[in-house]
Amino acid sequence: LLFGEESVYLRYAQTLDSDLVNAAGFWSPKDNIGVFYDQGTTPVMKLLQVLSNRLDEEKRKARGTVASRDVRQIAIAVDLLIKISREEGDIEAVSHEATHQLAGNAGLMPNGKFGMRWTHEGLASYFETPSGGGWGGVGAVNDTRFIDYLIVAKDRERRDLEILVSDILFDAAEGDEILAAYGYA
């Protein structure tokens with residue numbers, strides 16, 4: 001299920017579980033569906049698009065001037081970076097949630113319940129790496145997840161493997177701390 005706007009996804013996710021509003025997508029084992037939204041519709045991406053549009057306007061204004069070539073190259077580069085970021089976000093979210101779904105449907109993980117969250121999230125995080133992305137390839141290090149991993153690895157209280165495999169790391173996480181748990185898993 002793909003929502004065209006993050007805001008619509010957030011309203012839907014809120015009706016199911018308030019914790020889902022912090023996720024870029026989710027897999028519902030009960031319904032066996034993956035749910036996502038267009039990553040280009042987040043407030044940050046919308047602001048970046050406004051910037052890109054302004055640069056396009058500056059590019060038009062600069063035609064025939066000495067600065068024309070430089071302004072044009074900057075506008076093209078920013079637009080390309082925004083498109084890449086949007087695509088990588090979509091690929092990352094879909095591949096992460098699709099891994100949950102495939103693992104559940106193949107019997108690799110218990111279907112219908114979410115036991116051993118660290119295993120589910122560790123496997124999904126491993127496969128979320130888009131092959132065309134800046135960190136390229138399944139199993140390659142996702143820079144964002146690696147930074148999240150380091151947060152837990154440096155914390156003597158949370159880095160104990162028993163805390164991870166007992167799901168305490170996930171259960172105790174609040175807000176953005178959950179991202180560190182995903183990285184550590």
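Buried means under 20% relative accessible area, exposed over 50%, and partly exposed in between (1.4 Å probe, protein chains only). This is a predicted model, in which local features need pLDDT of at least 70, side-chain atom pairs count only at pLDDT 80 or more, and totals for chains, interfaces and linings use all residues. Residues are numbered from 1 along each chain as its sequence is written, and side-chain values use heavy atoms, with hydrogens and water left out.

View 1. Helices (H or I, at least four residues) and strands (E, at least two) are DSSP runs, numbered from the N terminus. Along the sequence their order is β-α-β-β-α-α-α-α-α-α-α. The C-alpha trace spans about 65 × 35 × 30 Å along its principal axes. Of the 185 residues, 36% are buried.

**View 2. Helix α5 covers residues 143–153.** Which residues of α5 are buried? They are Arg145, Asp148, Val152 and Ala153. These residues lie on the same side of α5, because they cover an arc of only 140 degrees around the axis. The arc is that of the directions from the helix axis to the C-beta atoms. The cover over them includes α3 (68–105), α4 (117–127), α7 (168–171) and α8 (177–184). Contact here means heavy atoms within 4.5 Å.

**View 3. Helix α5 meets helix α8.** Two packed helices are described by the angle between their axes and the distance between the axes. Axes are lines fitted to C-alpha atoms, for helices over the stretch in contact, and angles run from 0 to 180 degrees between N-to-C directions. The axes of α5 and α8 come within 7 Å and cross at roughly 95 degrees. The two helices are therefore roughly perpendicular. Angles under 35 degrees count as roughly parallel, over 145 as roughly antiparallel, 65 to 115 as roughly perpendicular and the rest as oblique. From α5, the contact includes Tyr149 and Ile151; from α8, it includes Leu179 and Tyr182. By class, the contact has 9 nonpolar, 1 polar and 2 charged residues. Ala, Val, Leu, Ile, Met, Phe, Trp, Tyr, Cys and Pro count as nonpolar, Asp, Glu, Lys and Arg as charged, and the others, Gly among them, as polar.

**View 4. Helix α3 packs with helix α4 at an angle of about 130 degrees.** Their axes are 8 Å apart. α3 and α4 are therefore oblique to each other. Ser95, His96, Thr99, His100 and Ala103 in α3 meet α4 residues including His120, Leu123 and Phe127.
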